[in-house]
Amino acid sequence: MKHVRQQHLRKPVTPDLLVSPSSQDGDLGSECPEDRGNWTGRLDFLLSCIGYCVGLGNVWRFPYRAYTNGGGAFLVPYFIMLAICGIPIFFMELSLGQFSSLGPLAVWKISPLFKGVGMGTILIVSLVAIYYNMIIAYVLFYLFASLTSDLPWQHCGNWWNTELCLDHHVIKAGNNTLPVNISNTVSPSEEYWSRYVLHIQGSSGIGDPGRIRWNLCLCLLLSWTIVYLCILKGVKSSGKVVYFTATFPYLILVMLLIRGVTLEGAWKGIQFYLTPQFDHLLSSKVWIEAALQIFYSLGVGFGGLLTFASYNTFHQNIYRDTFIVTLGNAITSILAGFAIFSVLGYMSQELGVPVNQVAKAGPGLAFVVYPQAMTMLPLSPFWSFLFFFMLLTLGLDSQFAFMETIVTAVTDEFPYYLRPKKASFSAVICIALFLMGLILTTEGGMYWLVLLDDYSAGFGLMVVVITTCLVVTRVYGMKRFCRDIHMMLGFKPGPYFRACWTVLSPATMMALLVYNIVKYQPSEYGNYRFPTWAEVLGILMGVLSCLMIPMGMVVAVLQEEGTLWERVQQASRPAMDWGPSLEENRTGVYVASLAGSQSPKPLMVHMRKYGGITSYENTAIEVDREMEEDDDEESMI
């Protein structure tokens, strides 16, 4: 490699230092390629990451997982898993994206043999985007339903209610005399959700979807329209929308928290939420649950973090941003638990039942329990509107990331054809995913949503993350990856990150994967058990994303020449144009490897631009020196 660089430096070139600043090309003053698009400000990236990570799971999964796995004691494994698994993988994804300025598919120029990992990522994200936007459609439905003086799920007596319906006013009146047996009754909010919104009684199961619910269909169309308009101009438009969608949920969350803790019986719910049960820490299940919460709440493996970082400037301080986002995400989850369980404590006191009988997770909390709690408050439509508006903004941020990931991945693969038509291509993707999501708007659509939720991003996503970790550290090389980060940020990752990337993070992910396989349970929704063919279909969804990896290997090997082992070796090496996207950022082995490159040393471009050597140029010189020393060592061997 040293010999190649020396040959290149002997070519006659015009010294860049002799060129006056006024005569330089306009392109050299740009830090990011304009045709690809980039963030217009540093806060765009930070808020987009916060909005992406802080989603619906922080509100409807973390509080439930905390109280069922030891209460306050759950925070111990939660933060340990955040340190072992969450922060290192988060930083790795950001580093890969920012260093290469490429999406989840093109970034595998780092090792073309494993390009199937990127294909698996896109498949997973596409499946998740289909059902995630359906959840946003449900939120829109409830948001519009809250625009009334009396919430429609407040009382029984509507056409969708049955004789089992019993509202809290009757329960409260009954508690004054004799206890009311509520075991065989249903709340008005639960019947509103299942019999009116879903109209699930019109379907006998997943094989009988029934008719399309046109009100849900229109809400789904509206949600896709909102998403498209926000990503119309890529990160330049979505980067501005997140200034509202990433910050406003915190305002609503604080309002709900203040209102919740001032309710009678609120402390009962908070105590139930946080009372530590340290004996739970001896159970492996608690540690697995903590790792799963970290894994999914940070959104690692979905390609969104890598995509967002690819629009950064080359020297953006993603090390600092990693800690801001990951710790902010954890704190938000804890605060959301206070807001949720304070209201559930009030609700349990009103109903005269224990907190564990009203606490639920997932859609059951968002569309049944919490709406029922809202009916017990003064100005219930106002608080209901705020709650669902918060869920809307939380969901949209994550959906922006999913769509930007898909669009960026494909346009980076075909930049000359698709980048000029990015808006049209985005519209095609949105329309296609909307049409595929129509089955979720049917009377049996909830069964399909549960199937997608259980299998689309299950073990397949873990395989993708494990493979990414192993390829970067074992195939590409930990030393080389740390040098890339050094070139980009001015310092190398410390022993903590290297230990996690090499051993701790992959081992934890492997434990999660094995646990999920060993503890596999068939999908269910309430009392409904999914048929065998549906289970097989779900497993195939997960397996297909894994199969993308060997399929990509076969394609990469066939494109090389030589014996099989020689082909594998060649395909596993970084592509010739792997590295920073701008010539001025390419040093060491990355010098002049871009197509059409003429400058013998990108360092000179920096000197011409700044009038001297900056800290980043010093870093470039250090990296060059280290690589030359390594080349000398290799030649001696």
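Visitor: How many aromatic pairs does the count come to?

Guide: The count comes to 62 aromatic pairs. The model is a predicted one.

Visitor: Why is the pair of Phe 91 and Phe 497 called tilted?

Guide: The ring centres of Phe 91 and Phe 497 are 4.9 Å apart, and the planes stand at 50°. Stacked needs planes under 30 degrees apart, edge-to-face over 60.

Visitor: Why is the pair of Phe 387 and Phe 388 called edge-to-face?

Guide: Their planes are at 70°, with centres 5.2 Å apart. The cut-off is over 60 degrees, so the pair is edge-to-face. Phe 387 and Phe 388 are buried too.

Visitor: Why are α23 and α24 called roughly perpendicular?

Guide: The axes of α23 (residues 532-558) and α24 (residues 564-572) cross at roughly 105° and come within 9 Å. Roughly perpendicular covers 65 to 115 degrees, so the term applies to α23 and α24. Ala 556, Val 557 and Leu 558 of α23 meet residues of α24, including Arg 567. The contact holds six nonpolar residues, no polar and one charged.

Visitor: How do you know that α16 is largely enclosed by the rest of the structure?

Guide: Eleven of its twelve residues are buried, so α16 is largely enclosed. The buried residues of α16 pack against several helices, among them α6 (115-145) and α15 (318-351).

Note on methods:
Residues are numbered from 1 along each chain as its sequence is written. This is a predicted model: local features need pLDDT of at least 70, side-chain atom pairs count only at pLDDT 80 or more; totals for chains, interfaces and linings use all residues. Side-chain values use heavy atoms; hydrogens and water are left out. Axes are lines fitted to C-alpha atoms, for helices over the stretch in contact, and angles run from 0 to 180 degrees between N-to-C directions. Helices (H or I, at least four residues) and strands (E, at least two) are DSSP runs, numbered from the N terminus. Angles under 35 degrees count as roughly parallel, over 145 as roughly antiparallel, 65 to 115 as roughly perpendicular and the rest as oblique. Contact means heavy atoms within 4.5 Å. Ala, Val, Leu, Ile, Met, Phe, Trp, Tyr, Cys and Pro count as nonpolar, Asp, Glu, Lys and Arg as charged, and the others, Gly among them, as polar. Buried means under 20% relative accessible area, exposed over 50%, partly exposed in between (1.4 Å probe, protein chains only). Rings of Phe, Tyr and Trp (its six-membered ring) pair if their centres lie within 6.5 Å; planes under 30 degrees apart count as stacked, over 60 as edge-to-face and the rest as tilted.
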